[in-house]
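Thank you all for making the time this morning.

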Amino acid sequence: LADCLACERASGREACDVAIGYSMGGRRALATTARGSVRRALVLVSCQPGIEDEAARRERRLSDQALVEKLRNWHGDACAFFEWWWSQENFASWRWSPEFARQMMQSRRCASFKSAARDIKAWGLGVVNFWPALEALELPILAVAGGQDAKYVRIASETANRALHGRCRVISHAGHMVHLEAPTALARTVADFLAEIPQNFS
């Protein structure tokens, strides 16, 4: 699967065949694709392209700004922050996973709060709305969600319906963090999707 999923470099200047992104990373992948830097397909995992209602987006922007300030000013133990972060409803099924404790330790070692704050400021749902860009894309798009994440199952279905060449796949035994809860199923789903795209698709 790794061979199929080359995505944008840090510079954002190199083209790739397939862009894949999870959550906020999905919006980055969408932006990369909209720039014309993706040649073959786009895969969005547990990704909401945007908030179309201006009042709702403004409310989310305020929420994101509060989170950015929390990240910028956090001076306590990183583990305490992630215990708070993972307590959100989105991650309920992930908290029961046997991999959760290991991921908590990895998050604690690799945490970069300033980097996370920059990402939220640039790619948060209060800032960007990629629904119009998604509707204009002419390449195949796969939207994936975990079956235990009802909100994002609805969003994945809407994404597929609004895309010109969209498909939706639900991985039944996963929640929001599909890539960690069901990595093998996700890899198979993406590989099957890519295999179904005609080589001469344009």
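Let me begin with a question: in which hand, left or right, does α2 pass α6 in their crossing? Before you look, please keep in mind that this is a predicted model. The crossing in which α2 passes α6 is left-handed. The axes of helix α2, residues 54-72, and helix α6, residues 113-123, come within 8 Å and cross at roughly 165°, and the two helices are therefore roughly antiparallel to each other. On the α2 side the contact is made by D64, L67, V68, L71 and R72, and on the α6 side by F113, A116, A117, I120 and K121. If we sort the contact of α2 with α6 by class, we find seven nonpolar residues, three charged ones and no polar ones. As for the spacing of such residues along a helix, an α-helix has 3.6 residues a turn, so residues three or four places apart point the same way.

Let me now step back to the whole chain. Its secondary structure comes to ten helices and four strands, and from the N terminus on the elements run β-α-β-α-α-α-α-α-α-β-α-β-α-α. Of the 202 residues in the chain, 44% are buried. If we take the contacts between residues at least 6 apart in sequence, 67% of them join residues at least 24 apart.

Turning to the sheet, the four strands form an open sheet in the order β1-β2-β3-β4, with parallel pairing. The edge strands are β1 and β4, the latter being residues 166-171, and each of these pairs on one side only. From one strand to the next, the twist averages 15°. The pairing of β1 with β2, in the parallel sense, extends over six bridges, and within it Y22 has V45, in β2, as its bridge partner.

Helix α1 lies across β1 and β2, running at about 155° to β1. Helix α10, residues 183-195, also packs on the sheet, where it touches β1, β2, β3 and β4, and its direction makes about 145° with that of β2.

I would like to stay with α1 for a moment. Which residues of α1 are buried? They are G26, R27, A29, L30, A31, T32 and T33, and the buried residues of this helix pack against β1, β2, α6 and α7. With α6, helix α1 packs at an angle of about 55°, the axes being 10 Å apart, and the two are therefore oblique to each other. The crossing of α1 and α6 is left-handed. Here M24, R27, R28 and A31 in α1 meet D119, I120 and W123 in α6, and the residues of this contact divide into four nonpolar, three charged and no polar.

S23, in the loop between β1, residues 16-22, and α1, residues 24-34, has a phi near 55°, which is a positive value in a residue other than glycine. After α1 comes G36, whose phi is also positive, near 90°. S46, in the loop between β2, residues 38-45, and α2, again has a positive phi in a residue other than glycine, near 50°. Is S46 buried or exposed? With a relative accessibility of 1%, S46 counts as buried.

My last stop is L134, which has its place in helix α7, residues 131-136. L134 counts as buried because its relative accessibility is 0%. Leaving aside its neighbours within four places in sequence, L134 is in contact with L30, L44, P49, I141, T159, R162 and A163. How far apart are L134 and A31, in sequence and in space? They are 103 residues apart in sequence and 9.1 Å apart in space, C-alpha to C-alpha.

That is what I wanted to show, and I am happy to go back to any part of the picture.

Definitions and conventions
Residues are numbered from 1 along each chain as its sequence is written. This is a predicted model: local features need pLDDT of at least 70, side-chain atom pairs count only at pLDDT 80 or more; totals for chains, interfaces and linings use all residues. Side-chain values use heavy atoms; hydrogens and water are left out. Axes are lines fitted to C-alpha atoms, for helices over the stretch in contact, and angles run from 0 to 180 degrees between N-to-C directions. Angles under 35 degrees count as roughly parallel, over 145 as roughly antiparallel, 65 to 115 as roughly perpendicular and the rest as oblique. A crossing is left-handed if the near helix is turned anticlockwise from the far one by less than a right angle, and right-handed if clockwise. Contact means heavy atoms within 4.5 Å. Ala, Val, Leu, Ile, Met, Phe, Trp, Tyr, Cys and Pro count as nonpolar, Asp, Glu, Lys and Arg as charged, and the others, Gly among them, as polar. Buried means under 20% relative accessible area, exposed over 50%, partly exposed in between (1.4 Å probe, protein chains only). Two strands pair if DSSP finds at least two bridges between them.
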